[in-house]
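Hello,

I am handing over the structure we talked about, and my notes follow just below it.

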Amino acid sequence: MVFKPIETKRLIIRKFCPADFTELYEYLSDDNVVRFEPYEPYTLEQAKREAEYRSNSDEFFAVTLKDGGMLIGNLYLGKRQFDTFELGYVFNRNWQMYGYATESASALLDYAFGTLKAHRVIAECNPLNYRSHKLMERLGMRREAELKKNVYFKKDSFGNPIWQDTLQYAVLNEEWRGGEGGGK
């Protein structure tokens with residue numbers, strides 16, 4: 001299926017292109033932005049490779065300002081088993097707290113449930129990532145689990161895993177379309 005850009009009030013959600021690497025680098029190189037991500041801050045060369053990779057991926061979406069086209073963040077929508085998709089998002093620190101993540105994620109959920117016929121969309125975050133789980137709740141997702149020390153992305157200086165907890169959220173198609181998530 002060919003993805004057609006999604007337009008919201010203030011944003012355009014589109015496929016990535018290789019030329020996005022400089023704006024991608026701007027936020028993926030920021031320690032504060034990637035603090036809860038499973039990777040270290042990117043170098044410029046890594047951002048070039050990542051923009052190229054994402055331009056060929058059906059799972060990553062560039063979030064750009066309608067006015068001017070600046071890349072301010074990205075969404076992720078990965079296919080899982082049983083008509084389930086996983087939602088993710090990362091935004092440039094300079095564009096956080098303006099409602100852009102909520103606006104774009106809501107539009108992508110409309111796409112997931114309407115066009116892709118998703119049964120369920122899940123999302124996960126570290127409990128310390130307060131903004132992320134509050135976003136999931138604003139989207140109408142329900143907290144289904146809090147997993148204790150279930151994952152690690154980094155190791156300490158002795159090579160021991162630094163375990164992290166995970167919050168799991170989800171919303172079903174009938175909940176989203178029923179209006180509980182605001183996606184009518």
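Helix α5 (residues 130–138) contributes the most to the lining of the largest pocket, with seven residues. Helices (H or I, at least four residues) and strands (E, at least two) are DSSP runs, numbered from the N terminus. A pocket, on a 1 Å grid over the protein atoms alone, is an open set of points where a 1.4 Å probe fits, with protein on both sides within 12 Å along at least five of seven lines; its lining residues have an atom within 4 Å of a point. In the largest pocket, 46 residues form the lining, and Glu37, Tyr89, Val90, Asn129 and Ser132 lie nearest the centre. The space inside is about 1,300 Å³, where a volume is the space filled by probe spheres set on the points, with grid points joined across faces, edges and corners. Sorted by class, that lining has 23 nonpolar, 12 polar and 11 charged residues; Ala, Val, Leu, Ile, Met, Phe, Trp, Tyr, Cys and Pro count as nonpolar, Asp, Glu, Lys and Arg as charged, and the others, Gly among them, as polar.

Please keep in mind that this is a predicted model: local features need pLDDT of at least 70, side-chain atom pairs count only at pLDDT 80 or more, and totals for chains, interfaces and linings use all residues. Residues are numbered from 1 along each chain as its sequence is written, and side-chain values use heavy atoms, with hydrogens and water left out.

The second largest pocket has a volume of about 210 Å³. Its lining has eight nonpolar, no polar and four charged residues.

Now to the sheet. Eight strands form an open sheet in the order β1-β2-β3-β4-β5-β6-β8-β7, with mixed pairing; two strands pair if DSSP finds at least two bridges between them. β1 (6–7) and β7 (142–155) are at the edges with a single partner strand each, so one side of each has no neighbour in the sheet. Strands β5 (residues 84–91) and β6 (residues 120–125) run parallel, paired over three bridges, and Glu86 has Ile122 in β6 as its bridge partner. Helix α4 (residues 100–114) packs on the sheet, touching β4 and β5 among others, and its direction makes about 30° with that of β4. Contact here means heavy atoms within 4.5 Å; axes are lines fitted to C-alpha atoms, for helices over the stretch in contact, and angles run from 0 to 180 degrees between N-to-C directions.

Best wishes
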